[in-house]
Amino acid sequence: MKNVLLNNLKFEYLYRDAGNYKQFGFIVLNNPSNLDPDTATSLIRKHLIDGEFFYPKKVQIPLIERYKFDFDLDHQWYEFENFSFTNEIHTDPRSVETFINSFILQ
C-alpha cells in the first residue's frame with residue numbers, strides 16, 4: 001500500500017487567560033485548492049481582530065475547556081497561532097476557503 005501524503009491544513013489556535021496561562025487547540029481542514037500555509041495565513045489575518053484574535057463561537061471552532069474563568073479579567077477571544085501542512089485526516093467538514101470566509105462574516 002502506498003503512503004499517500006494528504007495536503008490538509010492544520011489551523012492552530014490558543015486561549016490565553018489574564019494570567020497568561022495558555023491552552024491550545026487545532027482543527028484540520030480539507031485543502032482542495034492546495035493553499036499553502038503562508039497564503040492561508042495572509043488571507044485570514046486581515047479578518048482577525050488586531051490581526052490575531054477571533055471569537056471562536058462565531059467561526060464554529062471547538063471551545064477549549066478552561067479550568068478557571070475570571071469574568072473581571074478574562075475575555076472570550078482566541079488567538080490565531082498558525083496554519084501548517086498536515087497528513088492528518090480533516091476534523092472539520094469545511095474546506096480551508098470556506099473556513100477563512102467564515103471570518104469575513106464575524
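The model is predicted, so local features need pLDDT of at least 70 and side-chain atom pairs count only at pLDDT 80 or more, while totals for chains, interfaces and linings use all residues. Residues are numbered from 1 along each chain as its sequence is written, and side-chain values use heavy atoms, with hydrogens and water left out.

The chain has two helices and four strands, where helices (H or I, at least four residues) and strands (E, at least two) are DSSP runs numbered from the N terminus. Along the sequence, the pattern reads β-β-α-β-β-α.

Let us turn to the helix pair. Helix H1, residues 37-45, packs against helix H2, residues 96-104, at an angle of about 20 degrees, with their axes 9 Å apart. Axes are lines fitted to C-alpha atoms, for helices over the stretch in contact, and angles run from 0 to 180 degrees between N-to-C directions. H1 is therefore roughly parallel to H2, a term for angles under 35 degrees.

Which residues make the contact? H1 contributes Ala40, Leu43 and Ile44, and H2 contributes Val96, Phe99, Ile100 and Phe103; contact means heavy atoms within 4.5 Å.

Now consider H2 itself. Its buried residues (under 20% relative accessible area, 1.4 Å probe, protein chains only) are Val96, Phe99, Ile100, Ser102 and Phe103. Viewed down the axis of H2, they fall within an arc of 145 degrees, so they line one face of the helix; the arc is that of the directions from the helix axis to the C-beta atoms. The buried residues of H2 pack against H1 and strands including S1 (8-16) and S4 (78-86).

How values were computed:
Angles under 35 degrees count as roughly parallel, over 145 as roughly antiparallel, 65 to 115 as roughly perpendicular and the rest as oblique. Buried means under 20% relative accessible area, exposed over 50%, partly exposed in between (1.4 Å probe, protein chains only).
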